Amino acid sequence: MNAYLLLKTLHILSSVLLVGTGFGSAFYMYFANRSGSVQAQAVVGRLVVRADWWFTTPAVIVQPLSGLAMMHLAGWPWHTPWLLLSVALYALAGVCWLPVVVMQVRMARMASAAAAQGHPLPRAYQQLARRWEALGYPAFIAMLAVYGLMVNKPALWG
């Protein structure tokens, strides 16, 4: 296997890990937040934070590095439209994701404290949950668009 194909494999695997972990985390957090169970929200919140550190963060780092390396090896110039759009959409997803990570940590701490004390969640938790969800939608849509660009680049812009 040549270097390009090895990088492409790494790029695809890390993109699946990035989007898959993000979607799975969002799925469980979304339903835990609607369950009415502070204990469930505490457990899911803690695991979502862990998944972000263990899986999403490394994939976020691998994606641009492997993408840049493939771009160089393939000889694609920076001004290639699908590459520029992919980078812009990836940056949009990142701008949404960074505050989400901070919110998830805060939400997990609030839920853990409330569960340990047998108290309901504070109002601030629900406010964070709404913001968390609002930022998740554009990030996920942007990443789906990046997938489309990665797969269809020749058909779109040769």
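**Exercise 1.** Find which residues Trp132 is in contact with, leaving aside its neighbours within four places in sequence.

*Solution.* Start with the ground rules: this is a predicted model, where local features need pLDDT of at least 70, side-chain atom pairs count only at pLDDT 80 or more, and totals for chains, interfaces and linings use all residues. Residues are numbered from 1 along each chain as its sequence is written, and side-chain values use heavy atoms, with hydrogens and water left out. Now look around Trp132 for contacts (heavy atoms within 4.5 Å). You'll find Ser25, Ala26, Met29, Tyr30, Val100, Met103, Gln104 and Met107.

**Exercise 2.** Work out which residues have the most contacts inside the largest nonpolar core.

*Solution.* A nonpolar core is a set of buried Ala, Val, Leu, Ile, Met, Phe, Trp, Tyr and Cys residues joined through side-chain atoms within 4.5 Å. Buried means under 20% relative accessible area, exposed over 50%, partly exposed in between (1.4 Å probe, protein chains only). The largest such core has 17 residues, and Met29, Met107, Leu121, Tyr125 and Trp132 have the most contacts inside it. Apart from this core lies another, of 16 residues, including Trp82 and Met150.

**Exercise 3.** Decide whether Phe31 is buried, exposed or partly exposed.

*Solution.* Next, check its relative accessible area, which is 45%. Phe31 is therefore partly exposed. Finally, Phe31 and Trp97 are 66 residues apart in sequence and 19 Å apart in space, C-alpha to C-alpha.
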